[in-house]
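Let's take a walk through a protein model together. Have the sequence and the 3D view ready, and turn the model as you read.

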Amino acid sequence: MTRDVPKISGRPAAPEWGSDVAAEMLRRLDIPYIAVEPGASFRGLHDSIVNYLGNEGPELIICNHEEVAVAIAHGYAKYSGRAMAAAVHSTVGLMHATVTIFCAWCDRAPVLILGGTGPMDSTARRPWIDWIHTASQQGELVRDFTKWEHQPASVAAIPEALLRAWQVAHVEPRGPVYVCLDAGLQEQRLAAPIALPDVAAYPHPTPPAPDGDAVAQAAALLVAAEHPVLLLGHTGGTATGWAATIALAEQLGLAVVTDRSSQAAFPTDHPLHQGMWRTQTADGAAEAIREADVILAVQRTDLAGALRERGDPAARVINVTLEPYAVRSWSADHQELPPAELTIASSAEPAIRAIAAAATDAVRADAGVRRRIEERTASLGARSRERRAGLDAANAAVADERPIRSTRLIAELKAALGDRARDAVIAQASHTPWPTATWDFRVPGSYLGHDGGAAVGSGPGIAVGAALAARGSGRPVIAIIGDGELLAAPTALWTAAHHGIPVLFVIENNQSYHNDEVHQDRVAKARGRNAANRWIGQRMDRPAIDYAGLARDLGAVGIGPVITPEQLRPAFDEALRALDEGGPVLVDVRVGD
Ligand SMILES: Cc1ncc(C[n+]2csc(CCOP(=O)(O)OP(=O)(O)O)c2C)c(N)n1
Ligand SMILES: [Mg+2]
């Protein structure tokens, strides 16, 4: 499916133009890809990537909407923890990109967004077009939901701007950054060589580590607790952090609650895992939170929301968070201010390790504490087994229902994957009440969380970006998304086809913006009006949309519509065979409400 890219010959040995300097910096920063919807405001940079760099390190990833380009970079960061670049055209491309920049911001994901404007020297502008595509403070448009935005005023200032942007994006709390390159500077011929920095001389700062006294207090509170709960959020998803979190939970017999908005942070099949917030196992999560006398929250973005589950403020809360450093005025994505006895400013992993180390002696010294931990561990294990058995029975009871239930869909997909299910990457499952009892997240990276901004249309790009980052790892990357979500940005499929990116889209096709149908239902009922009209302005069934056909037209493999539960397994078997060919695959599954 991929096009053979011609070898670019006759490349210059050193930067000759302003944009060559920017391209050279992208290479020095080891940025593998730059997702673009092209535009004249960065035609200089585009030329530098192709004819100066030879379209590698970074390689252009062609997109058909800026929303997709930025979402691809967001998905890449979700899987790899590292930024890639996206370039968006002048005022208009940046406007298209705003929604997914906002998503990356809310998700605290590093993304390097490049743009163009001008020429700022108005005498150099082409009539009309360059004027409507020039803004005096272009980055202002996204200033409120980027960590930093900047427009260097000379070619010589470009390297530092890109170095800083790169660093700022990766320093916790992470986020998107925007660097706007004046078209006039990009197209300026260099009069003399520009000194380029050694990137190694600008390391990222070490992650923020916790205060020792606060750690000692936190450990003491947890050791003395009867019902301590570990509430996990955006912990980073690294293998070392994963192991450290398991070690802390086991050491202290903590009830663990994970979060559907965040990437996998703890094995959901671990006996201490009590539930994933806002999924099928949310009941166990809520019960644990209600029962807790001490709560250790780690990078939980919506801690106050979770605490509302209690109805009383009695639990003693230790909040390990960097969120106070991400608070901005324009959007309320900072969430409600959570109450806490201790707020510890730290990256997740150093705090988890420090608290475990600080608790070691107290646990070792006290046989009573050890007994309490053992008993609690046993009873939490029994409780999670019981809850899972109940959920299994509930899922089995509806397994044969028509229209197809999400839980059956997920069970059949897992069965089709067999041994590969464990390492699969669920890149998006935003509208699905994920049945963790059916499909556990057992390894780091097995679930990547939400899009951050809850914006319809971000999912396809995020999934393709995650698949780009995971390409070659052998891990199947899967997105289970709504029909409305796919329709907002279906061209991500073509980008995946063009670049040979294997990704499986399973469309939960209820032929509706169902989430909003439910809202209309509620409002009509609350007002004593006719709720039967809830479908108007919501349903997408006349005419029905052929998603498999749409996928095929965009160069992907399209399968479906799958109507009955029995058709699921053969459809997924076929899809997984096609996925191994190395491109995008879509399975259209008709589901009910
Ligand atoms: C950009 C944007 N526009 C509108 C919405 C409101 N919205 C939330 S969920 C939803 C329905 C999405 O439809 P679909 O993906 O088919 O999922 P379903 O609710 O049918 O399961 C909409 C329109 C949104 N979140 N973001
Ligand atoms: Mg839908």
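This is a predicted model: local features need pLDDT of at least 70, side-chain atom pairs count only at pLDDT 80 or more; totals for chains, interfaces and linings use all residues.

Start by finding ligand 1, which sits in the second largest pocket. Two elements each give two or more residues to the shell around ligand 1: helix 16, covering 483–488, and helix 18, covering 514–526. The shell has 14 residues, and the ones that come nearest are D483, G484, S512, N515 and D516. Sorted by class, the shell holds seven polar, four nonpolar and three charged residues.

Now zoom in on some individual atoms. In the side chain of D483, an N or O atom is 2.5 Å from an oxygen atom of ligand 1. E485 takes part through its backbone: an N or O atom there lies 2.9 Å from an oxygen atom of ligand 1. For D516, an N or O atom of the side chain is 3.0 Å from a nitrogen atom of the ligand. How much of ligand 1 does the protein cover? On its own, ligand 1 has 570 Å² of accessible area, and the protein covers 72% of that.

Next, look for the magnesium ion, ligand 2. D483 (OD), N510 (OD1) and S512 (O) coordinate this ion at 2.0 to 2.2 Å. Along the sequence, these donor residues follow the spacing D-x26-N-x1-S. D483 belongs to helix 16, while N510 is in the loop between strand 15 (503–509) and helix 18, so the pair ties together parts that are 27 residues apart in sequence.

Terms used:
Residues are numbered from 1 along each chain as its sequence is written. Chains are lettered from A and ligands numbered from 1 in the order in which they are written. Side-chain values use heavy atoms; hydrogens and water are left out. A residue is near a molecule or strand if one of its heavy atoms lies within 4 Å of it. A polar contact is a pair of N or O atoms within 3.5 Å; within protein, one must be able to donate a hydrogen and the other to accept it, and residues adjacent in sequence count only if both atoms are side-chain atoms. Accessible areas come from the Shrake-Rupley method with a 1.4 Å probe; for residues, only the protein chains shown count as cover. On a 1 Å grid over the protein atoms alone, a cavity is a set of points where a 1.4 Å probe fits but cannot get out, and a pocket is an open set with protein on both sides within 12 Å along at least five of seven lines; lining residues have an atom within 4 Å of a point. A molecule sits in a cavity or pocket if more than half of its atoms lie within 2 Å of its grid points. Helices (H or I, at least four residues) and strands (E, at least two) are DSSP runs, numbered from the N terminus. Ala, Val, Leu, Ile, Met, Phe, Trp, Tyr, Cys and Pro count as nonpolar, Asp, Glu, Lys and Arg as charged, and the others, Gly among them, as polar. Donors are N, O and S atoms within 2.8 Å of the metal (3.2 Å for Na, K and Ca); water is not among the atoms, so sites may look incomplete.
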